[in-house]
Amino acid sequence: MIAGVASAAALFAPGDRVAVRNAWPPGHVRAPAYIRGHVGAVVRVCGPHPNPEELAYRRSGLPAQPLYRVRFRQIDVWPHYAGDPADTLEVEIYQHWLEPA
Amino acid sequence: MSHGHEHRHHDHPHEGVIAAPDGPLTHYQVMEVALRELLIEKGVFTPEDVRREVEAMEGRDAGRGPRMVARAWLDPADKQRLLTNANEAAAELGFEAGPFRILVMENTPAVHNLIVCTLCSCYPRMLLGLPPAWYKSLSYRSRAIREPRAVLAEFGAVLPDGVEVRVHDSTADMRYMVLPMRPAGTDGWSEEALAELITRDSLIGVAPAAEPA
Amino acid sequence: MTDEERTHPAGAHDVGGRSGPPVVKDEHEPVLWERRVDAMMMLLTHPSRKLLILDELRRNVEALGPGAYERMDYYERWIAAITNAMLERGVVTSDELGRKMADVQARLASEPTA
C-alpha cells in the first residue's frame, strides 16, 4: 500500500444532484454511454471500491473511488420516452465520473 | 460409454462434449477442452474441482431466491433483513450469497422494479443460478433500460395505473434481486406454497409473482 | 457511421438504449461445455488462485470487438476471453494451446458421438 490516500474522499451525499461527465475514453469504461452528460440525484452512497477500469488492466484500482447509486428521470435521459413521466432508472457510477450539477 | 450423458464418476476430460448433430466440434468447444486440460496439467485446478463447481451452480437454481422472498412475505423482521442485508438473510438460510453485495428492491403499489445489466450480464448467480439466455441478450440489455414498459408487456406483465417503473442497471459489483408483491388470496399459506408462486422472472422484475390458481 | 458514432463511440458491448427486436424468451439451458466455461471462471477468479479478475474478463470480452456479437455465442465469447486472459498472463502460451487444441480435435473427432 503506497503512503497516502487509499480511498478518495466522498464528495457527494444522498440527495445531491450530479452530472455524469461527457467523456469518451477508450479502455474498460463502466459509465454506460447512454448516461453520459445526464443529470440525476444521488440515492445512496455505496462506499469506496477499487476502480474497475483499472482493475481490468490488473492494476490496483487505488485510490478506491466512492460509488454512488444515482437516479435519473427517464424523460430526462431519452428523447420521446414512451412510458410514464414518473419512471426512473438507477445506475451505479464511480465518483470520478461525476461532477456537481 | 455414451458421450451424450453426464457420467461424472468417469474421469474423462472430454465428457459431454459431443459434435453437434449437424456439424463438427466448434473451435470454441475445442478451446474449452484444451484450456481446461492445460490448466489441470499445470496444477491450477483438478477435474474434481471443475465437476464440483458445475454441480454447485446447478444446485443454485431458483430455489433460494423464492425461499428468501417467501420468508419476507411471512415475517416483517425477515423482510427488513432481506431489504437491509440480503447476504446475511441468505447466510441464515445456509446459502452462500457470494462475494458481492446483493441488494433487494421491493415492489410496492407505487414502484415496480426491473433489473438489467446493459454493459455485460451481471446477475445474482450465487442465489439464482445461471441467468436465462434472454437476460443476456442484446435485445433485453438494449431495451429494458429505455422501454421497460414495452419489455414488461412482452413478458405479459400488466402494471396497475400510476405505478413508477424503476429500472436498475447493475454496472458495479452489487447484484440485484426484486422482492415482488405478495399476491392476494394467499392468507395462511405456508412458506413452501408461497415459494411456488415466486418465479425467477418475478425476481428479475419482468413479471409479478404468480397468482394463486 | 452516424455523426453520433463518430463523435461519441460506444463500445459494441455498451448497448443500453439501442433499439432492438422483441425479447425472445430463450431459456437455452446451458450444456455441459458451457457450464464448464462458467466453472473455470469461478475457479480462476477464486481468492485462492486469483488467476483472473472479473473486470479483466469483461475487458477481454469487450476486446473481442463488435463482430463477436454477430459471430459468437455468449459462452464462446467467455471462453475466448478467458483464454486470452490466460495468454496475457502467461499461464498458458499460444504454442501450448495450439498443440493441445490440435490434439483435442484429433482425439474427439475420432470418437463416436452419442
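Helix axes are lines fitted to C-alpha atoms over the stretch in contact, and angles run from 0 to 180 degrees between N-to-C directions. The model is predicted, with local features requiring pLDDT of at least 70 and side-chain atom pairs counted only at pLDDT 80 or more, whereas totals for chains, interfaces and linings use all residues. Residues are numbered from 1 along each chain as its sequence is written, and chains are lettered from A and ligands numbered from 1 in the order in which they are written.

Helix H1 of chain B (residues 27-41) packs against H6(C) at an angle of about 120°, the two axes lying 9 Å apart; helices are DSSP runs (H or I, at least four residues) numbered from the N terminus. From H1(B), Val30(B), Met31(B), Val33(B), Ala34(B), Glu37(B) and Leu38(B) meet Glu96(C), Leu97(C), Lys100(C), Met101(C), Val104(C) and Gln105(C) of H6(C), contact being defined by C-beta atoms, placed from the backbone, that lie within 7 Å.

The contact between the chains takes 49 residues from chain B and 49 residues from chain C. On the side of chain C that touches chain B, at least two residues each come from helix H2 (32-45), helix H5 (74-89) and helix H6 (94-109). H2(C) gives the most to this side, with 10 residues. The side comprises 26 nonpolar, nine polar and 14 charged residues.

Terms used
Two residues are in contact if their C-beta atoms, placed from the backbone, lie within 7 Å. Ala, Val, Leu, Ile, Met, Phe, Trp, Tyr, Cys and Pro count as nonpolar, Asp, Glu, Lys and Arg as charged, and the others, Gly among them, as polar.
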